[in-house]
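Colleague: I am new to this model. Please pick a single part, look at it closely and show me where it sits in the whole.

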Amino acid sequence: MSDDLRGLNDLDRLIHEPARLLIVTILSAAASADFLFLQREAGLTKGNLSAHLSKLEEAGYVKIEKTFKGKLPLTVCKLTAKGQKAYTAYRQQMQMFMDKTG
Amino acid sequence: MKDETSQVEQRVKRYWYSDGIGELMGGGMFFLLAVYFSLQQYLGDRSLVGGMLQAGFILFLIGGVFVGRRVINIVKTRITYPRTGYVEYRTNNKNANLMRLLSFGVAMTVAMVSVFVVRRFDSIDAMVAVTGVLVAVIFTVKQGLTSGVGRFYFLSATSLVLGGLLSMSGFARGYNLGLFYGLMGIALAISGGLTLRRYLQENPMPTEAVNE
């Protein structure tokens with residue numbers, strides 16, 4: 001296996017999964033977003049999104065809070081500093097890999 | 001990958017404009033400015049109320065932006081967030097500040113160049129022409145380029161055309177500005193109203209709550 005391909009082994013697999021990558025990308029573009037917005041933007045079912053968010057929360061990448069906006073109940077998700085760092089590192093790794101493989 | 005990431009990021013930014021509520025509120029603000037300038041022209045600088053109006057302009061603007069922002073949030077909480085979700089935007093990241101600084105710089109440069117050019121023609125009301133250019137630059141740089149929403153370029157062009165036409169109308173300056181803001185208010189209200197109508201048609205209120 002070439003060094004270029006071996007580099008893929010170091011990728012953060014938690015973020016590399018397509019649905020989670022989309023969730024993290026959306027969250028990185030905002031200060032926070034609620035469950036409904038994430039569900040619509042990522043095109044996931046309620047259960048699927050919940051499962052992915054739980055994994056990201058367990059890893060400390062995402063913080064989930066139940067709050068109210070006026071009388072509206074919201075489940076707000078936010079990328080933590082650890083999550084932001086992991087996402088930035090993932091993007092850099094992927095960019096390097098793509099630059100090398102052309 | 002960079003392109004796809006940028007697309008997702010821009011989609012999140014565009015979401016703020018998806019319901020047209022911001023434009024409706026902007027239209028309301030422009031109507032108030034129209035009334036403000038027309039009243040000031042009608043009352044004159046020497047009357048007590050006219051003087052007070054002139055002195056209170058900055059307060060009027062700051063208060064308007066503050067109240068407008070609050071009202072937008074209240075309306076979005078009732079209309080947008082239950083339908084398509086809630087997003088909180090970063091307010092103090094470096095890019096946003098740089099973009100604000102850039103917008104301000106571009107707007108000031110365009111304004112100074114416009115004043116210089118327009119002053120060469122006596123029959124032109126420089127104030128309304130420059131206002132048209134400034135508003136157009138703000139719509140293009142701050143709204144259009146950062147969000148990628150096409151209708152802001154149309155509003156930008158409307159502002160340029162209105163500013164240009166009204167600068168040659170021969171009306172008193174206050175009425176000219178009043179007309180400019182009034183007509184721009186209508187343009188914003190139409191743009192925001194049509195966007196809101198489409199948004200409501202495409203996004204009916206969900207029957208079950210998702211955020212629980």
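Modeller: Of the 102 residues in chain A, 42% count as buried. Buried means under 20% relative accessible area; exposed is over 50%, partly exposed in between (1.4 Å probe, protein chains only). In chain B the buried share is 40% of 212 residues.

This is a predicted model: local features need pLDDT of at least 70, side-chain atom pairs count only at pLDDT 80 or more, and totals for chains, interfaces and linings use all residues. Residues are numbered from 1 along each chain as its sequence is written, chains are lettered from A and ligands numbered from 1 in the order written, and side-chain values use heavy atoms, with hydrogens and water left out.

Chain A first. Its C-alpha trace spans about 55 × 25 × 25 Å along the principal axes. Chain A has six helices and three strands. Both are DSSP runs numbered from the N terminus: helices (H or I, at least four residues) and strands (E, at least two). The order along the sequence of chain A is α-α-α-β-α-α-β-β-α. Take the contacts in chain A between residues at least 6 apart in sequence: 51% of them join residues at least 24 apart. A contact means heavy atoms within 4.5 Å.

Now chain B, which holds the part I picked. Chain B has eight helices and one strand. From the N terminus on, its elements run α-α-α-α-β-α-α-α-α. Among contacts in chain B between residues at least 6 apart, 76% join residues at least 24 apart.

The expected span is 1.5 Å times one less than the number of residues.

Which residues of helix 2 of chain B are buried? They are B:Ile21, B:Glu23, B:Gly27, B:Met29, B:Phe30, B:Leu33, B:Ala34, B:Tyr36, B:Phe37 and B:Gln40. An α-helix has 3.6 residues a turn, so residues three or four places apart point the same way.

What covers those buried residues? The cover includes helix 3 (48-55), helix 4 (57-84), helix 6, helix 7 (151-166) and helix 8, which belong to chain B.

Just after helix 2 of chain B comes B:Gly44, with a positive phi of about 80°. The loop between helix 1 and helix 2 of chain B holds B:Trp16. Because its relative accessibility is 16%, B:Trp16 counts as buried. Leaving out residues up to four places away in sequence, B:Trp16 touches B:Arg69, B:Ile72, B:Lys76, B:Tyr81 and B:Tyr89. B:Thr5 lies 11 residues from B:Trp16 in sequence, and their C-alphas are 18 Å apart in space.

One covering helix deserves a look too. Helix 6 of chain B runs over residues 126-147 and has 22 residues. Its first and last C-alphas are 30 Å apart, close to the 32 Å expected at 1.5 Å a residue. Helix 6 of chain B has a kink of about 25°, centred on B:Thr140. The bend at a residue is the angle between axes fitted to the seven residues ending there and the seven starting there. Just after helix 6 of chain B, B:Gly148 has a positive phi of about 75°.
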